[in-house]
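Please keep the sequence and the structure in view while reading.

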Amino acid sequence: MRKIEHLGIAVKSLEVSTPLFEKLLNTPCYKTEEVASEGVKTAFLQNGPNKIELLEATNAESPIAKFLEKKGEGIHHIAFDVEDIVAEIARLKAEGFTVLNETPKKGADNKLVAFLHPKGTNGVLIELCQEIPL
């Protein structure tokens with residue numbers, strides 16, 4: 001893992017939360033995107049090297065809707081940038097971690113993503129991200 005790629009924050013409403021984080025970070029949202037396969041709309045903000053992804057559920061069955069129902073708004077995951085996501089998945093599986101996505105899938109912000117189960121990471125959902133070459 002090379003660096004923290006972003007922090008994911010579950011929110012009830014991007015319409016309400018995006019302006020709040022724009023004021024907080026003193027920077028505009030640079031991208032919004034829907035990932036239909038995950039039932040989520042995202043908004044990205046960057047301040048220096050730090051990136052925040054706001055996540056809003058688009059349906060009641062999405063992982064974000066379930067998270068909000070159980071825990072309320074707040075930090076949902078930490079994403080780490082990796083050079084080779086397939087190799088990193090194999091390494092982490094060999095180390096005993098439970099990988100939720102054996103095969104990386106397309107995520108937001110031009111990334112391939114995979115997640116580690118929080119039961120094996122002290123309750124923290126970990127996302128692995130690899131930039132998709134253009």
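## Terms and basis

A residue is called buried when its relative accessible area is under 20%, exposed when that area is over 50%, and partly exposed in between, using a 1.4 Å probe and protein chains only. The model is predicted: local features need pLDDT of at least 70, side-chain atom pairs count only at pLDDT 80 or more, and totals for chains, interfaces and linings use all residues. Residues are numbered from 1 along each chain as its sequence is written, and side-chain values use heavy atoms, with hydrogens and water left out.

## The sheet

Helices (H or I, at least four residues) and strands (E, at least two) are DSSP runs numbered from the N terminus. Two strands pair if DSSP finds at least two bridges between them. Here 8 strands form an open sheet of mixed pairing, in the order β2-β3-β4-β1-β5-β8-β7-β6. Its edge strands, β2 and β6 (105-106), each pair on one side only. Strand β6 is joined by 2 bridges to β7 (residues 111-116), and the two run antiparallel. Lys106 stands opposite Leu112 in β7.

## Helices on the sheet

Contact means heavy atoms within 4.5 Å. Axes are lines fitted to C-alpha atoms, for helices over the stretch in contact, and angles run from 0 to 180 degrees between N-to-C directions. Helix α1 (residues 14-25) packs on the sheet and touches β1 (3-10), β2, β3 and β4 (50-57); its direction makes about 10 degrees with that of β3. Helix α3 (residues 85-94) lies across β7 and β8 (125-131), running at about 150 degrees to β8.

## An aromatic pair

Rings of Phe, Tyr and Trp (its six-membered ring) pair if their centres lie within 6.5 Å; planes under 30 degrees apart count as stacked, over 60 as edge-to-face and the rest as tilted. The structure holds 1 aromatic pair. The ring centres of Tyr30 and Phe44 are 6.0 Å apart and the planes are at 35 degrees, so this pair is tilted. Because Tyr30 lies in β2 (residues 29-35) and Phe44 in β3 (residues 40-47), the pair ties together parts 14 residues apart in sequence. Tyr30 is partly exposed, at 39% relative accessibility, whereas Phe44 is buried, at 1%.

## Asp109

Asp109 is found in the loop between β6 and β7 and is buried, with a relative accessible area of 9%. A polar contact is a pair of N or O atoms within 3.5 Å; within protein, one must be able to donate a hydrogen and the other to accept it, and residues adjacent in sequence count only if both atoms are side-chain atoms. The side chain of Asp109 makes such contacts with the side chains of Tyr30 (3.2 Å) and Lys31 (3.3 Å). Not counting residues up to four places away in sequence, Asp109 touches Tyr30, Lys31, Glu33, Phe44 and Lys51.
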